[in-house]
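Please walk through the helix packing and the domain layout of this protein.

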Amino acid sequence: LLVSKDLGKHLLEVEDLLQKHGLLEADISAQTERVQALNAAALKFSELEGYQPCDPQIICNRVNHVQTCLEELGELASKRRKELEDSRQLWAFFQEMEEAEAWIREKEQILAAKTCGRDLSSVLTLTNKHKSMLGELGSRRALLHQTMKKGEQILAKKRFGPGGIQEKMREVRLRWKKLEEVTGLHQQRLQEALNFFQFSAETDDLVAWLQDTYRIVSSDDFGHDDYSTQALLRKHRAVVEEVEKHRAAVLALRKQLALLAPEHRQGVDVQIRVVEVEQLYGEVAEVAVLRQQWLQDALAVYRMFSEVHACEVWVDEKEQWLERMEVPEELDEVEVVQHRFESLDQEMNSVMGRILDVNQVVQQLVDGGHPSSEEVRSCQDHLNSRWNRVVELVERKKGQLSSVLKIQNYLLEC
């Protein structure tokens, strides 16, 4: 049993042989105690004085022979155990290498069947799974490194032929290198797909924002008075600021597109999409400028109407006063009225400045092609005609006062 050359043909068989060898070693250990007891008893016969049933030398030789045989048996057992343990180490190495190969084949099949996703959500899911696989790959790499060290240790002992061990190690190294290359390529494709779908999602968000903004800036609500138009203008200016802030994002689309993988950036759809975003942004920016001008024109109209109303109130008041006023004949009363006309002249100068401002605003609106040009022009004509009537009344009343003063001065001189 101890000189057997059967070291097993696989790990389970070696484990079975080691188990049997362990039983044999236990039997040898038990027999060793028995042999030692027998030898001790036999040696007593070689030490007897007087009658000796056997030659002491024969007894000693026999004891030595049995002891030598027992020691040789122990050496054979140790040698056999060492050979079996080396065999177990060898077959454990081959089994670990086979497990590594099976794991590599499994991952190769998984990577071959994997896609890069159809949208951003699926790509993110696949990316997270790939990160988990990279962690598993790192752990497996450490185990494989340990197994390779075992193979090198077996080769260093030179107990087994190096051919099968070296061939297996070379084969697994090549497959592992190929697996890492395929894993890196798949990670690169995932990153390219992630970049593309993120670009598409950001583009879609930008388009949605531009479409909403276009609906806002193309509104036909310009307010119904000075206050509401001012509120709309403030909101619109905030929108214009947001439009300007998004200009950089639109301009960056071309650069982002150039960074995508060729298979993504060369697609007709994505190139058309970028052009559509640029055109839509241009339309939004253009309409925003027009709406701001329209709001400013509307505000100018409402302010002009407000100014016209204030001037007409003043004209109404002075017109009624002039029509009711009768030129007095007494000198004292004439001087009072004359003082009132002096104050009236100052007021008229002030109102005249306001009316000139109104006329200037109206001319700007008309020249700018404002849609309410006719209404504005009509309001202007009405105000100017009433102003001219007041001026005529003032001049007439001043003429009457002047005549009365001349008469009164003539009477005084007489």
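Helices α5 and α8 cross with a left-handed sense. In this predicted model, α5 covers residues 226-245 and α8 covers residues 268-324. An angle over 145 degrees counts as roughly antiparallel, so α5 is roughly antiparallel to α8.

The side of α5 that takes part in this contact includes Leu232, Leu233, Val240 and Val243, together with Asp226, Arg237 and Glu244. From α8, the partners include Tyr281, Val284, Ala285, Ala288, Leu295 and Leu299, and also Arg291 and Arg303. Sorted by class, the contact of α5 with α8 holds 12 nonpolar, five polar and five charged residues.

Helix α8 also packs against α6, which spans residues 247-259. The axes of α6 and α8 come within 10 Å and cross at roughly 160°. That angle makes α6 roughly antiparallel to α8, and the crossing is left-handed. On the α6 side the contact is made by Arg247, Val250, Leu253, Arg254 and Leu257. These meet α8 at Val270, Gln271, Val274, Val275, Val277, Glu278 and Tyr281. The residues of this contact divide into eight nonpolar, one polar and three charged. Tyr281 of α8 is listed in the contact with α6 and in the contact with α5.

On the scale of the whole chain, the domain assignment gives domain 1 (1-85), domain 2 (193-296) and domain 3 (299-413). The centres of domain 1 and domain 2, taken over C-alpha atoms, are separated by 96 Å.

Among the elements, α5 has the highest mean pLDDT, at 92. The lowest mean, 78, belongs to helix α10, residues 373-413. Where pLDDT is low, the predicted coordinates should not be read in detail.

Technical notes:
Residues numbered from 1 in each chain as written. Predicted model: local features only at pLDDT ≥ 70, side-chain atom pairs only at ≥ 80, totals over all residues. Heavy atoms only, no water. Domains from an automatic or database assignment. Axes fitted to C-alpha atoms, helices over the stretch in contact; angles between N-to-C directions. Helix = DSSP H or I, 4+ residues; strand = E, 2+ residues; numbered from the N terminus. Parallel < 35°, antiparallel > 145°, perpendicular 65-115°, else oblique. Left-handed = near helix turned anticlockwise from the far one by under 90°. Contact = heavy atoms within 4.5 Å. Nonpolar A, V, L, I, M, F, W, Y, C, P; charged D, E, K, R; others polar. pLDDT = per-residue confidence, 0-100.
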